[in-house]
Amino acid sequence: MIASSLLSRTLLSRLPAFEPGSVWLAGAGPGDPGLLTLLAAKALGEADAIVHDALVGGGILEAANPDALLVDMGKRAGHPSPKQEAINERLVELAREGRRVLRLKGGDPFVFGRGGEECLALAEAEIPFRVVPGVTAGIGGLAYAGIPVTHRGFGTTATFVTGHDKAGGLPADLDWDVLARLPGALVFYMALGTIGTIAERLEAAGKPPMTPVAIVSSASTEAQSVIETNLAHCARDVVRLQAKRPAIIVVGEVVRLRSLIGAWQQTTGQNPFSIAVSA
């Protein structure tokens, strides 16, 4: 215990100062508070204003500075959501008030989190900022479901793909022939509403219909659930088994490893191995 305390103090003493008038863009990870980085935890405790999105896991904001202003700027599918320009303006406004501003995002701010857009807006406004990477759901969320995103025996690539563009549909510039030929995992973010089209296009480009698919909902939280299916049946099973948002979808042979890994993997209170397998 003493050694652990000394280690904690040593690590914390080496962390950078959170200066007034600056913005930290931090990833909160996929949901489990235990996946916060030391920098993100420090920022939570010291921020004067926290601008958070809708995917920050339950319990994480409970660790916030009790005097901090909490600003919910979450984007929610099917509901009115703040425009990105409004979020950028709010960050600049709060920083110019002399606050220590934490922009807290689920996952990692630079993996489909629009962190790059916010950094550019802050740079143009001459606001100093720091990027604090987080555990992205496409790696950490799948790990909690017992699915390694890479494995030497099941492919040599891992490809992260967004499941929708600004208009809510699939991006027009995706090369389905290339995606279908890649030997490793295809990891789709924010794709629950477009999974049917994704499956159709991958199959049309030559991906075998029986390619394993897993849909992981609320990854790394107590509400986590996993649907195991295949490319031919995934769109049907998402509806039949009522998959919930937020969800991460992985297509590839690595899904087959889940049954053995899940039998022995320790969890942090939730049961991530309730399996619904497609017929």
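**Strand pairing and nonpolar cores**

Me: Which residue of strand E4 is the bridge partner of Ala 49?
Reply: The model is a predicted one. Four bridges join strand E2 to strand E4 (residues 101-105), and the two run parallel. Within E4, the partner of Ala 49 is Val 101.

Me: Which residue of E3 is the bridge partner of Val 51?
Reply: E2 is also joined by four bridges to strand E3 (residues 69-72), again in parallel. In E3, the bridge partner of Val 51 is Val 71.

Me: Are the side chains on the two faces of strand E2 buried or exposed?
Reply: In a regular strand, side chains alternate between the two faces of the sheet. In E2 (residues 49-52), Ala 49 and Val 51 lie on one side, with Ile 50 and His 52 on the other. Both faces are covered, and these four residues are all buried.

Me: Which element gives the most residues to the largest nonpolar core?
Reply: This core has 24 residues, and Trp 176, Phe 188, Leu 202, Ile 215 and Ile 249 are those with the most contacts inside it. Elements giving two or more residues include strand E7 (185-189), helix H7 (195-204) and strand E10 (247-251). The most, four residues, come from H7.

Terms used: Residues are numbered from 1 along each chain as its sequence is written. This is a predicted model: local features need pLDDT of at least 70, side-chain atom pairs count only at pLDDT 80 or more; totals for chains, interfaces and linings use all residues. Side-chain values use heavy atoms; hydrogens and water are left out. Buried means under 20% relative accessible area, exposed over 50%, partly exposed in between (1.4 Å probe, protein chains only). Two strands pair if DSSP finds at least two bridges between them. A nonpolar core is a set of buried Ala, Val, Leu, Ile, Met, Phe, Trp, Tyr and Cys residues joined through side-chain atoms within 4.5 Å.
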